Amino acid sequence: MENYLKQISAYYKDNKRTINIFLVSVVVGFVSGVIWTSLVDKKELEAHEQLSNSLVHLERGDFDNSELQLSMIVEDYSGTKSADHAKFYLGRIAFINNDTDKASKLLKESVKNLEYPNLKTEAYIMLAHMETDSKKAMRLLNSAQKATISQTEKNYISILKAKRMINDNNKEGALEILDAIELENNAYKEMFEHTYGMASALN
C-alpha cells in the first residue's frame with residue numbers, strides 16, 4: 001500500500017497542473033451549463049454548488065472540512081450526479097487513509113456513474129489495488145484502461161498489470177505485458193525499468 005500511495009502521489013505531482021485545470025473545468029463547465037437551461041433541477045444545482053465548495057477545501061489540503069461537506073452532499077442530495085462524485089472523493093480519502101472497507105464500498109457505488117474519464121480511471125485503479133482476487137483485479141485494470149483517453153495513463157496501468165502478474169509469480173505474463181509497452185516519454189520510465197527487472201528476476 002505504501003509504495004502504491006507513493007506512486008499515486010508522484011502521479012499527482014507530475015500532473016498537478018493538468019489535474020488542477022481539470023477540477024476547475026468541472027466546476028466552471030457545470031456552472032456554464034446550468035445557466036442556459038431552465039429545466040435544471042434546483043436540487044442538482046445546489047448539490048453542484050456544494051461539491052465545488054468541497055473541492056476548493058480539498059485543493060487547499062483542508063481534508064477535514066472537505067470530508068464533512070462531501071458526506072453532507074451524499075446524505076442531503078442522494079440520487080444526484082454530485083452525490084456520486086462526492087462518494088468518489090470520499091472513497092479516495094478513505095483509500096489514502098488505508099480504510100479499505102470504506103473506500104471499496106464508496107468507489108464501487110460511484111465508479112459507473114462518474115462522468116469524467118480521469119476520475120473513473122482512478123477509481124478502477126484504486127479498486128484493483130484493494131482487490132485480493134487477481135482475476136478480478138485484472139478486470140478492474142482493464143476497465144481503467146478503457147476509461148482513460150491518455151496513452152501515458154494506459155502505459156501506467158499496463159505496468160500495474162505487470163506488477164500484479166509478478167505478485168502471482170507469472171513471469172511470462174508480466175514480461176508479455178511489459179514488452180508491449182511503448183513509452184512516449186520519460187513518464188514512468190523508472191517505474192517501468194524497475195518492474196521489468198523484477199519480472200526478469202522471477203524463476
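A residue counts as buried when its relative accessible area is under 20%, as exposed when over 50%, and as partly exposed in between, with a 1.4 Å probe and protein chains only. By that criterion, 44% of the 203 residues of the protein are buried. The model is predicted: local features need pLDDT of at least 70, side-chain atom pairs count only at pLDDT 80 or more, and totals for chains, interfaces and linings use all residues. Residues are numbered from 1 along each chain as its sequence is written, and side-chain values use heavy atoms, with hydrogens and water left out.

Begin with the whole chain in cartoon view. The protein has 11 helices and 0 strands; helices are DSSP runs of H or I with at least four residues, strands are runs of E with at least two, and both are numbered from the N terminus.

Next, display the surface. Its accessible area is about 11700 Å², and carbon and sulfur atoms hold 50% of this (Shrake-Rupley method, 1.4 Å probe).

Now select Leu 70, Phe 88, Tyr 89, Leu 107 and Tyr 156. Within the largest nonpolar core, which has 48 residues, these five touch the most other members. Such a core is a set of buried Ala, Val, Leu, Ile, Met, Phe, Trp, Tyr and Cys residues joined through side-chain atoms within 4.5 Å. Then select residues 117-130: this is helix 7, and with 8 residues it supplies the largest share of the core.

Finally, move to helix 4 (residues 63-76) and pick Ser 71. Ser 71 counts as partly exposed because its relative accessibility is 32%.
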